[in-house]
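Trainee: Show me how to read the packing and the open space in a model. Start with one side chain.

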Amino acid sequence: MFMLYRLLLYIHIASVILSIGPFFVLIPILKKLHTTQSAIQQSYLDVFRFAVRLAKHAGHVLVGSGILLVLAGHWSWKTSWIVMTILLLVSSLLFLARAFSPTIRKFSEPTHDGRMLIQKLRRSIWIYIVLLMIMLWFMVVKPTLW
């Protein structure tokens, strides 16, 4: 049982890395979006789409492994750091669904304002990274809030 728990923990941590990591790669790509032609710009936007898709699928593994860890471990669903992590998770999922894909789609509109869309993507990346890092803090530190 202990080995299964450790395997679940490993899967959980790997999925956190796959959920957060790609967004750090997107930061330098944003700078390149300013100066590229539309054909090359589409390839950078494809990288954005891939990163968002990867984060979504890694998030599924993250949630599934997290549920299994709580069921297999000694933590209660009412534990403060678990409750806070779940609240942040729901917030980040709603944010992820509305922040990236609709903005990336607007690049294909003929009258799009590239500078404004890039700024919106930059802000969205940082908001999402902060949300995920706060969740990560709750999972690592496990603070008792109540």
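Trainee: Which residues is Phe 23 in contact with, leaving aside its neighbours within four places in sequence?

Mentor: Contact means heavy atoms within 4.5 Å. Phe 23 touches Ala 51, Val 52, Ala 55, Leu 96, Phe 100, Ile 125, Tyr 128 and Ile 129. This is a predicted model: local features need pLDDT of at least 70, side-chain atom pairs count only at pLDDT 80 or more, and totals for chains, interfaces and linings use all residues. Residues are numbered from 1 along each chain as its sequence is written, and side-chain values use heavy atoms, with hydrogens and water left out.

Trainee: How many residues does the largest nonpolar core have?

Mentor: A nonpolar core joins buried (under 20% relative accessible area, 1.4 Å probe, protein chains only) Ala, Val, Leu, Ile, Met, Phe, Trp, Tyr and Cys residues through side-chain atoms within 4.5 Å. Here the largest has 35 residues, and Phe 23, Phe 48, Phe 100 and Ile 125 have the most contacts inside it. H1, H2, H3 and H5 each give two or more residues to this core. H5 supplies the largest share, 11 residues. Helices are DSSP runs (H or I, at least four residues), numbered from the N terminus.

Trainee: And the empty space? Which residues lie nearest the centre of the largest pocket?

Mentor: Rolling a probe the size of a water molecule over the atoms shows where empty space is left. A pocket is an open set of points on a 1 Å grid over the protein atoms alone, where a 1.4 Å probe fits, with protein on both sides within 12 Å along at least five of seven lines; lining residues have an atom within 4 Å of a point. In this model, 23 residues line the largest pocket, with His 12, Gly 66, Trp 81, Thr 85 and Met 139 nearest its centre. H2 gives the most to that lining, six residues.

Key. Buried means under 20% relative accessible area, exposed over 50%, partly exposed in between (1.4 Å probe, protein chains only).
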